Amino acid sequence: MRLNFLPAYELKNMLQKREISSEDIASQCLKATERLQGKLNAYIYFDKEHMLSQARAADAYLKEICGSFNKKDGKYFDFTGIPVAVKDNICTKDIKTTCASKILSDYVPVYDATVIQRLKSQKYVLSGKLNMDEFAMGSSNENSAFGPVKNPWDTERVPGGSSGGPAAAVAAGLVPCSLGSDTGGSIRQPASLCGVVGLKPTYGLVSRYGLVAFASSLDQIGPITRNVTDSANLLSAICGWDEYDSTSINGGLHDYCQFLYDNIKGLKIGVPQELMSGGVDAAIKESVNGVLKLAESMGAVVEMTSLPSFEYALSVYYIIAPSEASSNLSRFDGVRYGYRNRDATSLRSMYRSTRAEGFGPEVKRRIMIGTYCLSSGYYDAYYEKAQRVRTLIINDFKKAFGKYDVLISPSSPTTAFKIGEKSDDPLSMYMSDICTIPVNLAGLPAISIPSGLSENNLPIGVQIIADTLREDLIFKTAYSLEKAINFNKLPVHLYEQ
Amino acid sequence: MKIISGQEVRHIAKLAELDFSEEELSKITSQLDDILEHVAIITRADTSGAEPTSHTLKISNVFREDKVRQSLAKEDALKNAPERCGDGFLVPKID
């Protein structure tokens, strides 16, 4: 039995019954990682001894509370002794957090992100830090200072991005689940390209404290898992109000498992025609239509609808996100942390050479776009206009959710593309996020679940979007459809080569 | 159509505190031009009556009592400094 391929909720049950130990799970995850790291490059950091010692500590704790088990005492947490891998833009105390950038290649945080504190309080096992596009800017994981991540289904192809490491590690069975971050699709798009489940929660539901900021009004941490149940459990573990994040929501729910039931009878589903248009591969549209037919056969009501302002979403995003990034990334100046050019003899030349050498091309490109859009004379035409169009997008969603419970669309316009195929053409790379970006602009929750495989054996994902804080509808729909689709495929051929 | 000139790109690079080689400058100028041309479609959107979004949720400022509490220790704050001098960050000559 391969423990590294079992769902986290099953591992939890086996740990409770003391059929296995946390060390057993850690050993099998490590074995898989040692075998496939060279092929996939999913991790930036993993430390065998550190992982095993955390697992032994979890085993000691489980032994201590054994016998005193009482469902209500809450001592058996969902992630006690369970390995979770973390995207390398989430701060882990005393463990390097690089954002896959040269400028932070030696940065060791002195505090834990709130999501890490919450998992630590459950006595989870950190399996390591995962590769990503530098500062989460990218859709293919090719923009990493530590080299690209490979897609486990076809190692000549990209895993998507920016959470390419988190999606590839989970798909390849290196770890049962991971945490990613999603600014314009960075959880859902790679989840779709790797055949796993990726959730972007409502903006503010999960604390951003300790997440290295890219675009603060859009960033959100969320789980990447192999099934919807683990997604709900991991969200429950990390969500909730945090006094260290002023945009954190006070009053969200804490237990999302209660919504995992198989019933979508009467559910009203809208399908935005703008996301089923010519820009989306025919095979993907076909797969999404198949899911919609399934939903109808289960008693849901499916209707095509239109959200006309989606036409502007990509443009709005590529003004707002770089603008916020140009401001957020001004902190990397070689003074308080990170890389410094030591040859510079004056402060300004030190700033410029440090940033020129420390940031990769895509990050510089976005800093330049953002600085331009915010600069004197252009602010009104770009940034302010974009924020007004953003309001139109939010209004279109509001109207749609007056009629429908959820919206369903593809998660990505294409399946995994070849490494290098789009890396020299920023605009065509940006198009990879057309299905996911509107959701971030409106702060909504959305999930990507696998809907099938293409002709050449590459995963396809379907996206379910709900209104603000309606994760209940997301989980109910995703759980029901997951059962009906019964995807159940993993790139196990990786282990045979 | 040229939206942004090489001279403007040089100016923006200065504002962004970034150095570019001549070769990089000409590449990034044409890429920025492509991107700005694409995003210009938002000028077509009718936004009369649409306020700019400041936040997607209705939230207000969060205040707490103005009381001193534990924060990052001095040593911790200096731990990642590329260069330090006593309790301060050391930088090259300020020009």
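1. Salt bridges. Over all chains, the structure holds 25 salt bridges, a salt bridge being a side-chain nitrogen of Lys or Arg within 4 Å of a carboxyl oxygen of Asp or Glu. Side chains of opposite charge can pair when their charged atoms come close. Within chain A, A:Asp88 forms a salt bridge with A:Lys129, with the closest N and O atoms 3.0 Å apart. This pair links distant parts of the chain, 41 residues apart: A:Asp88 is in the loop between strand S2 (83-87) and helix H4 (114-121) of chain A, and A:Lys129 is in strand S3 (residues 125-130) of chain A. Helices (H or I, at least four residues) and strands (E, at least two) are DSSP runs, numbered from the N terminus.

2. Basis of the values. This is a predicted model, in which local features need pLDDT of at least 70 and side-chain atom pairs count only at pLDDT 80 or more, while totals for chains, interfaces and linings use all residues. Residues are numbered from 1 along each chain as its sequence is written, chains are lettered from A and ligands numbered from 1 in the order in which they are written, and side-chain values use heavy atoms, with hydrogens and water left out.

3. Chain A against chain B. Contact (heavy atoms within 4.5 Å) involves 66 residues of chain A and 54 residues of chain B. The area buried between the two chains is about 5400 Å², and carbon and sulfur atoms give 64% of it. Buried area is the accessible area (1.4 Å probe) that two parts lose on being put together, summed over both. The count of salt bridges between chain A and chain B is 7. The side chains of B:Glu83 and A:Arg340 meet in a salt bridge, at 3.1 Å from N to O.

4. Domains of chain A. The assignment gives domain 1 (3-269 + 404-495) and domain 2 (311-386); such bounds come from an automatic or database domain assignment. The C-alpha centres of these two domains of chain A lie 28 Å apart. Their contact takes 27 residues from domain 1 and 27 residues from domain 2. Between them the two domains bury about 2400 Å², 70% of it on carbon and sulfur atoms. On the domain 1 side, A:Ile103, A:Met137 and A:Tyr430 lose the most area to domain 2, together 31% of what that side buries.

5. Largest pocket. The space in the largest pocket is about 730 Å³. Of its 35 lining residues, A:Tyr111, A:Leu211, A:Val212, A:Ala213 and A:Arg331 are the closest to its centre. Helix H12 (380-403) of chain A and helix H3 (74-78) of chain B are the elements that give two or more residues to this lining. By class, the lining has 19 nonpolar, 10 polar and 6 charged residues. The largest pocket lies between domain 1 and domain 2 of chain A, because both give residues to its lining.

6. Pocket terms. On a 1 Å grid over the protein atoms alone, a pocket is an open set of points where a 1.4 Å probe fits, with protein on both sides within 12 Å along at least five of seven lines; lining residues have an atom within 4 Å of a point. Grid points are joined across faces, edges and corners, and a volume is the space filled by probe spheres set on the points. Ala, Val, Leu, Ile, Met, Phe, Trp, Tyr, Cys and Pro count as nonpolar, Asp, Glu, Lys and Arg as charged, and the others, Gly among them, as polar.

7. Backbone. A cis peptide bond, with omega about 10°, joins A:Gly161 and A:Ser162. A:Ser162 lies in the loop between S3 and helix H5 (164-171) of chain A. A:Arg18, a residue other than glycine, has a positive phi near 60°.
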